[in-house]
Amino acid sequence: MIHLPASLKIFFISLGFCLSLLADDPFYFIIRVDDIQSRINWSPRSIIPFQTAVESRSAKVSWAVIPHRLQESQNGDGVLRNELLGSIANGHEIIQHGYNHICPNCGQSSHEMYCSQFGVAHEDSIQVGLVQSGFNILQDSLNYTPTCFVPPGHVADFQTYAILIDQGFEFLSTIDPLYSNDNPDFFNLAPQQEYTWSLSASNYVEMLQQALENIENAFTTENYYCLLLHDPFIREGYENGLVIDWTVELLDSLNSIYPSRIQYATLSDVARIMSDQQINNSDREVVPAKFSLIQNFPNPFNPITTISYNLPEQSMINVSVLDIRGQKVTNLNNGIKQPGKYEVQWNGMDQAGNQVSTGVYFCRLEAGKFSQTIKMLFLK
């Protein structure tokens, strides 16, 4: 095993001790491993050595499983299925990672729910079929009902998220910039960085130091860190268990640096805690720090979309919709408003009550000297 230099460990331990004196709130640490049931055949194929190693440090694993792989020939012997069943029994978590991680439009494996190759959104029926099929496989094969979903390639569209809510998913884990946590019914807990995809003996210490520094930054600004890894790199067959050794050394460092605050949990457990906190915090009156107009959601939309804006001080405001030529279509909100967060909906109607045609529109917020415009797409 490659070890972090003693001087660096002492630095982080001292820093962690000082930081731990500043706050008593728990700092949640999550391990998310994507692409379980991968087609890559590195031997041994077992995920148990990695699981056993992190369990010895009190950590949990959230396995992002590609459901269809459970039915494919490389897993026909049932080894990985049985290992997942044992993992569930040990308190670890299964996350649904799409259906088969292959785009039904272009055939690439880098995405699935939305074709990023050609910028094409799949029809609702296709997306519903993918989500339901994967969900059914996890229930039939593992007797497990997932509560969290990871879009393959972190690519989806707004309709994907609406479908996932309809299918009963509670949580999401994605870095997709289209998604925001404005909807408390479907909370997103995004992962942080992936350090081990290209891990090697030569950059082992560098990657470990980088991870500790990034976790330290999260420690001072967030209350969680989600470490992202990928199967099969966690297997002993990958460079003689390099990722297993690296992860154990990382956990040992965290247990030394943050002994009073570090708490290991599954992704869904932490998402549930943070979602509840978000709901509780939303009941408090919070004065925004600056003027801002938030991107409408959903976008594209038909027929209704919600537009949010923030006012740090009492202001005479005007919220209007403009067409592509800059002509006013309708006013959505105007008058004197107190400091706070506001929402207004547009139903795709003009000032006369007629539905507008498909196309690009703009929403403009004017508040005193402040002005901001966002672009919206209305689709019939």
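## Close-up views of a predicted model

**Helices α6 and α7 make a right-handed crossing.** The model shown here and in the other views is predicted. Helix α6 covers residues 204-221, and helix α7 covers residues 242-257. Their axes come within 11 Å and cross at roughly 40 degrees. An angle under 35 degrees would count as roughly parallel, and one from 65 to 115 as roughly perpendicular; α6 and α7 are therefore oblique to each other.

**Side by side, α6 and α7 meet through a set of listed residues.** On the α6 side these are Tyr204, Met207, Leu208, Ala211, Leu212 and Ile215. On the α7 side they are Leu242, Asp245, Trp246, Glu249, Leu250, Ser253, Leu254 and Ile257. Sorted by class, the contact holds eleven nonpolar residues, one polar residue and two charged residues.

**The rings of Phe27 and Tyr258 form a tilted pair.** The model has 19 aromatic pairs. In the pair of Phe27 and Tyr258, the ring centres are 6.0 Å apart and the planes stand at 50 degrees, so the pair counts as tilted. Phe27 belongs to strand β1 (residues 27-36), while Tyr258 sits in the loop between α7 and β10 (262-264). The two residues are 231 residues apart, and their pair links distant parts of the chain. Both Phe27 and Tyr258 are buried.

**Tyr258 also forms a stacked pair with Phe219.** Here the distance is 4.2 Å from centre to centre, with 15 degrees between the planes. Phe219 is part of helix α6 and Tyr258 is part of the loop between α7 and β10, so this pair ties together parts that lie 39 residues apart in sequence. Phe219 is buried, as is Tyr258.

**Ring pairs join four aromatic residues into a cluster.** The members of this cluster are Trp42, Trp197, Phe233 and Tyr238.

**Asn136 in helix α4 and Pro67 are 8.7 Å apart in space, C-alpha to C-alpha.** Helix α4 runs over residues 124-142. Along the sequence, Asn136 and Pro67 are separated by 69 residues. Is Asn136 buried or partly exposed? Its relative accessibility is 38%, so Asn136 counts as partly exposed.

**Thr330 is a residue of strand β14.** This strand spans residues 328-337. With a relative accessibility of 8%, Thr330 counts as buried, because buried means under 20%. Which residues does Thr330 touch, not counting residues up to four places away in sequence? They are Ser320, Val321, Trp346, Met349, Asp350 and Gln351. Met349 is 19 residues from Thr330 in sequence, and the two are 7.8 Å apart in space, C-alpha to C-alpha.

**The loop between β11 and β12 holds Pro298 and Pro300.** Strand β11 covers 292-297 and strand β12 covers 305-311. Most peptide bonds are trans. The bond from Phe297 to Pro298 is cis, with omega near -5 degrees. The bond from Asn299 to Pro300 is also cis, and its omega is near 5 degrees.

Most residues other than glycine have a negative phi. At 16% relative accessibility, His154 counts as buried. Glu239 is in the loop between β9 (224-230) and α7. At 43% relative accessibility, Glu239 counts as partly exposed.

The chain has 380 residues, and 51% of them count as buried. Among contacts with a separation of 6 or more, 67% are accounted for by residues 24 or more positions apart.

Conventions:
Residues are numbered from 1 along each chain as its sequence is written. This is a predicted model: local features need pLDDT of at least 70, side-chain atom pairs count only at pLDDT 80 or more; totals for chains, interfaces and linings use all residues. Side-chain values use heavy atoms; hydrogens and water are left out. Axes are lines fitted to C-alpha atoms, for helices over the stretch in contact, and angles run from 0 to 180 degrees between N-to-C directions. Helices (H or I, at least four residues) and strands (E, at least two) are DSSP runs, numbered from the N terminus. Angles under 35 degrees count as roughly parallel, over 145 as roughly antiparallel, 65 to 115 as roughly perpendicular and the rest as oblique. A crossing is left-handed if the near helix is turned anticlockwise from the far one by less than a right angle, and right-handed if clockwise. Contact means heavy atoms within 4.5 Å. Ala, Val, Leu, Ile, Met, Phe, Trp, Tyr, Cys and Pro count as nonpolar, Asp, Glu, Lys and Arg as charged, and the others, Gly among them, as polar. Rings of Phe, Tyr and Trp (its six-membered ring) pair if their centres lie within 6.5 Å; planes under 30 degrees apart count as stacked, over 60 as edge-to-face and the rest as tilted. Buried means under 20% relative accessible area, exposed over 50%, partly exposed in between (1.4 Å probe, protein chains only).
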